[in-house]
Amino acid sequence: MHGEFKVPGGKLVVVDLEVEGGVISGFRLAGDFFLEPDSALEAIDSAINGMPADSEAAAFAKAISAALPAGALLLGFSPEAVATTIRRALQRATGWRDYEWQVIQGPALDPVLQMALDQVLSEEVGAGIRKPTMRIWEWEKPAVVLGSFQSVKNEVDEENAAKHGFDIVRRISGGGAMFMEAGSVITYSIYAPADLVQGMSFADSYAFLDEWVIVALKSLGIDASYVPLNDITSPTGKIGGAAQKRLGSGAVLHHVTMSYDMDGDKMVEVLRIGREKMSDKGTKSANKRVDPLRSQTGLSRAEIIDRMKATFSGLYGATPDQITADELAKAEQLVAEKFGTEEWLRRVP
């Protein structure tokens with residue numbers, strides 16, 4: 001069995017192993033990481049050989065840590081990263097390049113239709129109808145997008161939302177509210193087979209699925225990094241946040257919203273939670289809490305998106321695609337049956 005795991009912000013970890021009678025044998029660790037002393041490699045191999053194949057990742061990491069020589073130095077990886085790679089090997093996880101990726105940008109759609117499309121495209125990837133896809137969203141009108149478990153009344157000032165022309169919609173993934181205006185944010189979704197994140201914790205999978213965008217942002221001169229669980233940030237402030245949903249159909253939906261040129265003052269009028277965060281920090285203007293991509297790059301939103309698409313395609317071999325008429329029809333039906341209903345929107349009043 002063979003497993004690979006590119007540590008977000010670190011090095012590639014590779015393991016090969018066999019399982020005989022429920023026990024790991026022939027374990028070999030490799031990769032482009034740095035490890036001192038040389039004897040530590042053999043110590044790690046020996047620690048894993050003989051362990052039950054159904055061990056939890058934490059047990060593998062503990063065994064590796066205990067076996068390391070005193071003063072051992074691991075650069076670009078960790079015992080936990082090796083444990084993740086082992087679990088991926090045992091569960092026959094896949095890598096990015098095992099798939100034919102596609103990239104979609106737009107068209108601009110009604111917010112509630114965006115919610116439905118996320119479910120449709122995720123389910124189609126899980127069913128093998130659509131190839132794994134990365135989609136850049138475009139907005140037809142402003143919206144507050146609530147996480148699956150958030151309360152409408154706790155998160156949104158509905159009077160101010162209406163005054164500013166904001167729809168309120170609910171997505172299928174968890175996490176916090178997203179404040180969306182056309183031209184002010186960059187939002188993307190990844191629809192991937194569950195095998196791509198097999199063996200990973202939720203925390204690991206968040207960083208793993210967004211490493212490509214960190215690469216893209218760094219290529220634009222932004223010192224971007226990932227902060228667990230789900231934030232993309234820089235030394236001068238938060239850039240964006242991620243949310244994720246693993247569907248029973250065998251797909252993973254992962255999406256990120258990054259601020260390009262957000263009106264922070266309007267945001268705290270519409271989002272109640274924004275006011276609480278501001279008062280807690282003793283800050284008068286939300287603009288001081290968000291570090292838009294425009295201020296860090298000087299580039300247009302379109303130029304940043306072009307770099308993102310080029311980076312994703314260069315790393316994973318993606319090709320351009322578009323939403324089909326059938327997918328749009330399925331999404332419109334879901335709007336009527338689910339996402340456009342008061343029952344769905346106010347399932348957490």
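In what order do the eight strands of the open sheet lie? The order is β12-β13-β14-β15-β11-β7-β6-β16, with mixed pairing. Strands here are DSSP E runs of at least two residues, and helices are H or I runs of at least four, numbered from the N terminus. Two strands pair if DSSP finds at least two bridges between them. β12 (225-227) and β16 (319-320) stand at the edges with a single partner strand each, so one side of each lacks a neighbour in the sheet.

The model is predicted: local features need pLDDT of at least 70, side-chain atom pairs count only at pLDDT 80 or more, and totals for chains, interfaces and linings use all residues. Residues are numbered from 1 along each chain as its sequence is written, and side-chain values use heavy atoms, without hydrogens and water.

Strands β7 (residues 133-139) and β11 (residues 185-193) run antiparallel and are joined by four bridges. Arg135 has Ser189 in β11 as its bridge partner. Helix α7 (residues 202-219) packs on the sheet, with contacts (heavy atoms within 4.5 Å) to β7, β11, β12, β13, β14 and β15. The direction of α7 makes about 135° with that of β14. Angles run from 0 to 180 degrees between N-to-C directions, with axes fitted to C-alpha atoms, for helices over the stretch in contact. Helix α11 (residues 301-316) lies across β6, β7, β11 and β15, at about 170° to β7.

Gly50 follows α1, with a positive phi near 95°.
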